[in-house]
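Subject: Structure handover, with notes on salt bridges

Hi,

Here is the structure I promised to pass on. Please open it first, then read the notes below it.

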Amino acid sequence: MEIRLEGVTKKYKDIHAVKDFSASLPDGKLICLLGPSGCGKTTLLNMLCGIIPVTSGKIFFDQLDVTNLEPDKRHIGMVFQNYALYPHLNVRENISLGLKVRGCAKCEINRRVELASEILKLDEYLNRKPKELSGGQRQRVALARAIVREPKVFLMDEPLSNLDAKLRCEMRSEIKKLHNKLKTTFIYVTHDQTEALTMGDRIVVLDKGKIQQADTPEEIYNNPKNIFVAGFIGQMNFINVNINQGRFYVNGIEFTTDKAIAGDITVGIRTEKMLSGKTEIKIKPEIIEMSGSEKNVYFSLNNSKCSAKIPMDYNFDDKIMLNVSDMYFFDKETGERI
Ligand code: ADP
Ligand code: MG
């Protein structure tokens, strides 16, 4: 099912939680809504599933206007951060409760529970209580509970943020596999750029209630539209320069650009591109951090804090190598990419 939002807005008194959100979320894709805490992700999901009304704007599921449709009639499967299983019910009862309440026939309930527990490898645990399960297993029960409703779209609100790093990694690929199997539209909310980059077919980046960019992970990474997106996804250094007749200086070393830009500009360079150019710049390392296969070296360029990601075995002689072709240029005032 394709989801289309037209100018969707949510205001709480003077707080603009979601501002004029317009997007088309394509059928069958895993779409990550990515943004920092408080940027309006949960508010947006809750409007999609109908738990809270929109202040203005319209929501369409395929051609159907669902803006004022009750949550129960929207055929949505929700998975929350806090998976809220009933502690006194076993796994089978937790998964099937929603269907029972809706008066679904017993044999149909059994069929769906069996299918979901097979997909999520929960067969052995159906008679256990939630407290007898690991965090990852509990999260799988929460997923199964959403699957048995056979929804047309899954909405997931930071479903992995309560799990430890290793389990989160495993569950990431579980959810990706689940999506490949079901081929239903998934809308997956996260503040974690790695989750969005690894899982998303599309990423919608949000900040302060507004869409910053909606694209494939590759496009978002390679062609960020503004400083916010560039800084939120991956690691980028930002350096202030003044461009005059195509010339600018980084720690006294001259660079030239043929872009028709002049004045105070913010230059962005990815931390992994600090050694891949041809123009050498001497630097003074302030901190060197080991991180296993590589090290991060911290220093200043034009008085801005910068860092470089360097392979462990690389003989780093207090110099970096930059290329103008690796640089992104941003308007210092608006933050927009030039
Ligand atoms: P996220 O899920 O991205 O962390 P939320 O959608 O929960 O962000 O919140 C977006 C903004 O709306 C925040 O500034 C939050 O404080 C505000 N907000 C959310 N719910 C309410 C509410 N019921 N009343 C007032 N403000 C709210
Ligand atoms: Mg939230």
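Which side chain does D72 meet in a salt bridge? The partner is R102, with 3.2 Å from N to O. Bear in mind that this is a predicted model.

This pair links distant parts of the chain. D72 sits in the loop between strand 5 (64–65) and strand 6 (76–79). R102 sits in the loop between helix 2 (91–101) and helix 3 (106–119). The two are 30 residues apart. D72 is partly exposed, at 46% relative accessibility. R102 is partly exposed too, at 41%.

Next, R111 and E150. Their side chains form a salt bridge at 3.3 Å, N to O. R111 lies in helix 3, and E150 lies in the loop between helix 4 (135–147) and strand 7 (153–157), so the pair ties together parts 39 residues apart in sequence. R111 has a relative accessible area of 41%, which makes it partly exposed. E150 is partly exposed, at 41%.

The last pair is within a helix. K166 and E170 meet in a salt bridge of 3.3 Å, N to O. Both lie in helix 5 (residues 165–182). They are four residues apart, about one turn of the helix. K166 is exposed, with a relative accessible area of 61%, whereas E170 is partly exposed, at 39%.

For the overall count, a search of the whole structure finds 17 salt bridges. The pairs above are among them.

Best wishes

Terms used
Residues are numbered from 1 along each chain as its sequence is written. Chains are lettered from A and ligands numbered from 1 in the order in which they are written. This is a predicted model: local features need pLDDT of at least 70, side-chain atom pairs count only at pLDDT 80 or more; totals for chains, interfaces and linings use all residues. Side-chain values use heavy atoms; hydrogens and water are left out. A salt bridge is a side-chain nitrogen of Lys or Arg within 4 Å of a carboxyl oxygen of Asp or Glu. Buried means under 20% relative accessible area, exposed over 50%, partly exposed in between (1.4 Å probe, protein chains only).
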